[in-house]
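Please take me through this model in the viewer, telling me what to select at each stop and what is to be found there.

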Amino acid sequence: MTASIGKHSVVEIHYTLKNPEGEVMDSSAGGDPLMYLHGTQGLIPGLEKELDGKKVGDSFQAVIPPELAYGETDPALIHTIDKAMFRGVDKIEPGMVFTAQGEQGQQHIRVQSVDGDQVTIDGNHEMAGKTLHFDVEVLSVRDATAEEIDHGHVHAHGDHHDH
Ligand code: ZN
């Protein structure tokens with residue numbers, strides 16, 4: 001049993017994610033901690049890198065640049081389309097999010113701006129192009145079971161499931 005985080009550790013963390021403006025974007029505080037299998041790209045690469053070698057009880061802050069988080073904003077995912085494409089939606093406003101079936105499964109499309117009948121939509125991840133600020137606390141670290149390594153994910157609370 002190793003006490004520091006390495007490949008195939010099962011790790012539980014509490015985290016708070018803030019954008020560069022300091023607004024909280026996401027947090028596990030007050031809820032269940034996040035549990036993941038280290039070294040299997042379960043987290044954004046920059047955060048896994050920061051967690052590497054950390055121990056139970058460690059608390060730290062991490063600043064993750066876009067290239068180690070959700071990537072840079074891809075201009076190819078920003079399009080201007082006709083309002084008529086949004087059938088059945090009465091009012092299109094900036095900030096609205098729609099779900100579309102894309103080449104890589106479900107994709108979230110955000111309305112960036114509306115100019116008359118022209119709607120500019122952005123299919124980038126909400127956090128693309130952003131530097132992320134994390135507050136992290138390591139709650140538990142254990143070695144993954146052979147089965148978890150085989151499946152590539154954590155079996156929480158000893159549950160077994162078929163797949
Ligand atoms: Zn499984």
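## A tour from strand to core

Begin by selecting strand β8, residues 118-122, which is mostly covered, with four of its five residues buried (buried means under 20% relative accessible area, exposed over 50% and partly exposed in between, with a 1.4 Å probe and protein chains only; strands are DSSP runs of E of at least two residues, and helices are runs of H or I of at least four, numbered from the N terminus). This is a predicted model, in which local features need pLDDT of at least 70 and side-chain atom pairs count only at pLDDT 80 or more, while totals for chains, interfaces and linings use all residues. Residues are numbered from 1 along each chain as its sequence is written, and side-chain values use heavy atoms, leaving out hydrogens and water.

Then show strand β7, residues 105-115, which runs antiparallel to β8 and is joined to β8 by five bridges, including the one between V111 and I121. β7 and β8 form a hairpin with two residues between them, and G116 in the turn has a positive phi of about 65 degrees.

Now move to the largest nonpolar core, which has 20 residues, and select L51, L132, F134, V136 and V138, those with the most contacts inside it (a nonpolar core is a set of buried Ala, Val, Leu, Ile, Met, Phe, Trp, Tyr and Cys residues joined through side-chain atoms within 4.5 Å). The largest share of this core, five residues, comes from β9.

Conventions. Two strands pair if DSSP finds at least two bridges between them.
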